[in-house]
Amino acid sequence: MKNGIFLLIVPLFTAILTLILTFTSQIINGRRNRKQAVGFFHPFTNDGGGGERVLWCAVKAIQEESRDLDCVIYTGDHDASPYSLTARAIDRFGVNLLYPPMVVHLYKRKWVEENSYPRFTMIGQSLGSIYLSWEALCKFTPSFYFDTSGYAFTYPLARIFGCKVICYTHYPTISLDMISRVRSRNSMYNNDASIARSGWLSQCKIIYYTFFSWMYGFAGSCAHLAMVNSSWTQSHIEKLWKIPKCIRRVYPPCDTSGLQALPLERPATTPIFISVAQFRPEKAHPLQLEAFSVAIRKLDPDLPRPKLQFVGSCRHKSDEERLQKLKDKAVELKVDGDVQFYKNVMYRELISLLGGAIAGMHSMTDEHFGISVVEYMAAGAIPIAHNSAGPKMDIVLEEDGQQTGFLAQTVEEYADAILRVLRMPETERLKMAAAARKRASRFSEQRFYEDFKAAVRLVLNHDSK
C-alpha cells in the first residue's frame, strides 16, 4: 500500500517540480533578454472601437516621446503585419504612425473570448488573460508592458518578468455600481433575469463579485502608472486599486479637429439621427430603436419624417447576430423604411455620415466616457446620451451657460428628446450645436497627446536613469 502511494506521489511531485522549474527558467530568460521596447497588450486589433483608437494614438505618442524605444503590438489577429496595422491606423482612425510597429502574434486568444465562458465570464476571461500574457511575455519581453485593453490580471505577471507596467483603463472590469445592481436585483446585460429573481442566487453572485473585486484590486495595484479615461472611471479605480498617486486622468483622443471643419448647417429635407457604436449588448441599441418608433408615432403632422442611421462594427458572429436582430426589430416596429444600417465603415464615410446628422444617439448605461458622444458634438450633431457616468459627469455639460445636448434614461425620455430636437427652431439648434462643438474641443486628440506624454514621461524617464 505504502509502495503504491509512493509510486503515485513521486511522478506527481516530479511533474510539479518540472513545471515550476520550466516557469522559473522562462521568467529568468525573459528578464535577462528584456528589450528596450514598449509592448502594447491589445489582443483584438480589429475591434474598430474607441479602445483601438486609443491604442494607435498611444503608439504614436510613444514614438514621438521616446524614439529610442521600439513599439511592439501583441495581437491575436494572425493576418496582422506591421504595414497592415499602420494602414489600418490611418484608414480607420486617421492616425499616422511615425513608423510601423513590430508585431508579436498570439495564438491563445480564445482564452479571453467571452464565448469561451458561458458562466463566470469575468473571472474566466481574467484568468485566461494571464495565460495569454504568459505567451506574449515569453515570446517578447519588453522594458515597458502597456495594457490598452483592460486586462488588469496580467499586471502581476508582467512585474514578475521585470517590466514596468503602464495601462490605459477605459472602464473597471468590475465596479461598485455592478455590485449595487445585483444587490438591488436589477436585471441587465451583466445580470441575468433568472439571477435577479432569486434572492439566493443574487446573494451568491454578491459574494462572487466581492471576491472578484478584491482580486481585481490586488492585480490593478501592480501598475506603475494607470491612466483612466473619465471622472467616473477614476473614482472607481481609485477605490478598487488603492493607488491614487499612480492614477492620471487622460481623456481619450477624439477627432474634434477634423469634425469641427464640418458646417453646422444641415440639409433641411430629411432630419437624420445617427447612432455610432459597436454592435455589443451593453450599447443598448434596441432602446434607441423603440424610442425612435415612439417619436415617429407622436410626430407632428407638419414636421418632416426623420431617419435613424446605425453605424458600428461587428467583432464576431455574436455581434453579427445582434445586428440582424436589430434589423428584425425595426421591421417589427414598422420603422424599417426609416432606419439604415452601416457596418464596419471606413473613417472617411463615418465623417460624411456625421456631417449629415442633426443629432446623435447614445444609450449605454454607465458608459465610462463616450467618444461617440464627443464626436457628435464636434460634428455639430446634438447629443442625446444616457444620463449616467461619462456623458453625465464629463461631456454633456453646459458651455458658457448654454445647454449642449440632452440626457435620458427611459424609452419615453429618449423619444421626448428626439421630438424636442425635431421641433427646435433652426436658430436654436445652431446655437446649441455651436456650444456643443466648443465643449468637444476639451477632448481633442491634441489634448490627449499632451496629457498622455506628460503622464508616461514620469515612468519612461525614471526607468532610463
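**View 1. Buried residues of helix α4.** Met122, Ile123, Gly124, Ser126, Gly128, Ser129, Leu132, Ser133, Trp134, Glu135, Ala136 and Leu137 are the buried residues of α4; buried means under 20% relative accessible area, exposed over 50%, and partly exposed in between (1.4 Å probe, protein chains only). The model is predicted: local features need pLDDT of at least 70, side-chain atom pairs count only at pLDDT 80 or more, and totals for chains, interfaces and linings use all residues. Residues are numbered from 1 along each chain as its sequence is written, and side-chain values use heavy atoms, with hydrogens and water left out. Helices (H or I, at least four residues) and strands (E, at least two) are DSSP runs, numbered from the N terminus. Helix α4 (residues 121–139) has 19 residues, which should span 27 Å at 1.5 Å a residue, and its end C-alpha atoms are 27 Å apart, in agreement. The expected span is 1.5 Å times one less than the number of residues.

**View 2. Helix α3 and what covers it.** Helix α3 (residues 82–93) has twelve residues and reaches 16 Å from first C-alpha to last, close to the 16 Å expected. Its buried residues are Leu85, Thr86, Arg88, Ala89, Arg92 and Phe93. They lie on the same side of α3 because they cover an arc of only 160° around the axis, taken from the directions from the helix axis to the C-beta atoms. Their cover includes α2 (50–65), β2 (70–75), β3 (102–105) and α13 (347–354). Just after α3, Gly94 has a positive phi of about 70°.

**View 3. Asp400 in its loop.** Asp400 sits in the loop between α15 (389–395) and β13 (406–408). Its phi is near 55°, a positive value in a residue other than glycine. Asp400 counts as exposed because its relative accessibility is 63%.

How values were computed. Contact means heavy atoms within 4.5 Å.
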